[in-house]
Amino acid sequence: MLRRSSIFALLLASPLCATMAHAQMHHVDDPDKVTRAVSVYEWTGSLDKPTASRLVPVTVFIDGEFEDGGTYLSRPVPFALLSGNLYSVEDAGNAKGIVELKYARKVTTAAPEDEATGAGSWYGYGDFVIPKPPKVKPGKPSRTPVAIDGGDSDDGEPHFVAKRPETDTAKSDANPRRPHPTSNDAQDEEKPTLARRDDALADDKKKKKPGKPQGYVAGVGNLNDDPDRPTLSHGKKQDETTMPLTGLPADMHQSIAVSDAGARLQHLFRRSWDSSSDEAQTIAALHDIALAQLKPYLAANQLVAAKAVAPATSAPANDGSHPTLVNKTTAAAGEDDGAPPTLKRTPQGVNTATHPATAPPLAAKAAPSAAAAHRSTARTAKAKSAAPVAVSFINEQVEGFQLSYGGLPTFVYTADVPVAMAKDGTALLAHVALVTQRLPEGNMQVALSSVTDSAHKARTPWMRFIDVVDADGSHRASLLFERRANTSRDFVLYRLVTAKAQPSFTTAPLE
């Protein structure tokens, strides 16, 4: 009876418990719908006044997935390159300025078959501007008088009551205000949008324009905004103020550009050095890792190190926003490190250049025979060929980041190395790229490494680091690399959540 009554009581209480448990559950909001586009802004000249520029679409993050920015919703212009889209040019999350797209163009190669099939790549064009800070107007005193009203039941304490004019009260009761319509209300909720200036400008114009007489009919908008409407153009457009960038010039700069439909807090990902010793130790560790990655590659491809004569012209130009270590050399033991030559001295140790009168005459030596001279020349040539050549790292760049809150310090190292083919001495340029993380115990963990050279880019593309970027609005940065081959290139996003960097998205090749 005790067991049966207990079970009966539990069955009676179970609906009540379920009701109470349901009542205690808190409301869970829907996840934030992020519509975010990432592109690469490329330009020549200075950033504030570029001589030529273009915007290369990379990704569109929508509905929780990455789409190719160069092809997503092409009608015919891709969604990421619609006129009026605003892109924030950033340096590791720090906004530098705005690019407002004015037009897009599909660039094809000179091959006739490409023109016939429509092959090519889309690029966007616009002007880079640095927004001016908003003007802050001084506050005005309130026109509504403040009265102290004690009432009939005055308790001796002052009560502040703001009286409203009767006309305003009656008017507000009779005509309740409705929210001001915006252009977003008229748009289809299913149609994605990116950051644009249209809505803000429309609101400002509506506020400044005087009221229209009754019977006024507003326009339906610009018909050219229809993405399905074909357009024809003759000659140069009036809004093309900055020259379009073509090709891959040696002095081309690259930076991340982000467009987001929502307003998000700025997240800076660049890591500052703890001290000068921290910087020196990190650079030395990265240098040793790069040398260890380079030596097996040279041996496997029958390449030898060559002396650096001048900085490589094919290396990416630095715009001053990234730290650069130029012409740092790791010299082999006993190798000439490029120091200025010392003055020759006589056997008596007197410098003949400064004391010619005190130098005693040297005894004349007999001229060596032809056979002896030949043997001496052969020994000298053999010694020179056997001597190891210093490995010279030029165009070095070391950058530190913190990809997420509380994440491990992450470092990106890139450098070029002059090399030559062992069989014929053809001069080449090798490229090294490293991504490492510093573990809590202090040692470096290699997450990504790549070595190639100018003769093997078709087999192993050249990994050119662009920057880190929050590509999906998660406040966690990914690393964006450009992979450049001989006749094409693409862009790859790498996510670093484990010991190894994993590619999260790769664009279609750009010819």
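Val-417 touches Leu-294, Val-391, Ser-392, Phe-393, Leu-428, Leu-429, Ala-430 and Val-432, leaving aside residues up to four places away in sequence. The model is a predicted one. Val-417 is also among the residues with the most contacts inside the largest nonpolar core, which has 24 residues. Leu-294, Val-391, Phe-393, Tyr-413, Val-419 and Val-432 share that standing. Six elements each supply at least two residues of this core: helix 6, strand 11 (303–305), strand 14, strand 15 (409–421), strand 16 (427–438) and strand 17 (444–453). The largest share, eight residues, comes from helix 6. In soluble globular proteins, nonpolar side chains tend to be buried together.

Now follow helix 6. The helix has 25 residues. From its first C-alpha to its last it reaches 37 Å, close to the 36 Å expected at 1.5 Å a residue. Which residues of helix 6 are buried? They are Asp-278, Thr-282, Ile-283, Leu-286, His-287, Ile-289, Ala-290, Leu-291, Leu-294, Tyr-297 and Leu-298. Just after the helix, Gln-302 takes a positive phi of about 55°.

Asp-278 leads on to the charged pairs. Side chains of opposite charge can pair when their charged atoms come close. The side chain of Asp-278 meets that of Arg-271 in a salt bridge, at 3.5 Å from N to O. Both partners are buried: Arg-271 has a relative accessible area of 15%, and Asp-278 one of 9%.

Arg-270 comes next. Its side chain forms a salt bridge with Asp-91, at 2.7 Å from N to O. Why does the pair tie together parts that are 179 residues apart in sequence? Arg-270 lies in the loop between strand 10 (253–260) and helix 6 (276–300), whereas Asp-91 lies in strand 4 (residues 86–91). Arg-270 is partly exposed, with a relative accessible area of 32%. Asp-91 counts as buried, at 13% relative accessibility.

Arg-270 also forms a salt bridge with Glu-399, and here the closest N and O atoms are 3.3 Å apart. Glu-399 lies in strand 14 (residues 391–402) and Arg-270 in the loop between strand 10 and helix 6, so this pair ties together parts that are 129 residues apart in sequence. Glu-399 is buried, with a relative accessible area of 3%.

How many salt bridges does the count come to? The count is 15. Elsewhere, a network of salt bridges links Glu-42, Arg-54, Arg-464, Glu-482, Arg-484 and Arg-489.

Arg-489 opens the way to a hairpin. Strand 20 (residues 489–495) and strand 21 (residues 502–506) pair in the antiparallel sense over four bridges. The hairpin joins strand 20 to strand 21 through six residues. Arg-495 has Gln-502, in strand 21, as its bridge partner.

Turn last to the aromatic rings. A search of the whole structure finds ten aromatic pairs. In one of them, Phe-66 and Phe-505 have ring centres 6.2 Å apart and planes at 40°, so the pair is tilted. This pair links distant parts of the chain: Phe-66 sits in strand 3 (residues 65–68) and Phe-505 in strand 21, 439 residues apart. Phe-505 counts as buried, at 15% relative accessibility.

Trp-273 and Phe-411 make another ring pair. Is that pair stacked or tilted? The centres are 5.8 Å apart and the planes stand at 10°, so the pair is stacked. Trp-273 lies in the loop between strand 10 and helix 6, and Phe-411 in strand 15, 138 residues apart. Trp-273 counts as partly exposed, at 25% relative accessibility. Phe-411 counts as buried, at 0%.

Ring pairs also link Phe-401, Phe-465, Phe-481 and Tyr-494 into a cluster.

Key. Residues numbered from 1 in each chain as written. Predicted model: local features only at pLDDT ≥ 70, side-chain atom pairs only at ≥ 80, totals over all residues. Heavy atoms only, no water. Salt bridge = Lys/Arg side-chain N within 4 Å of Asp/Glu carboxyl O. Buried < 20%, exposed > 50% of the residue type's maximum accessible area, 1.4 Å probe, protein only. Pairing = 2+ DSSP bridges. Expected span 1.5 Å × (residues − 1). Core = buried A, V, L, I, M, F, W, Y, C linked by side-chain atoms within 4.5 Å. Contact = heavy atoms within 4.5 Å. Phe/Tyr/Trp six-rings, centres within 6.5 Å; stacked < 30°, edge-to-face > 60°.
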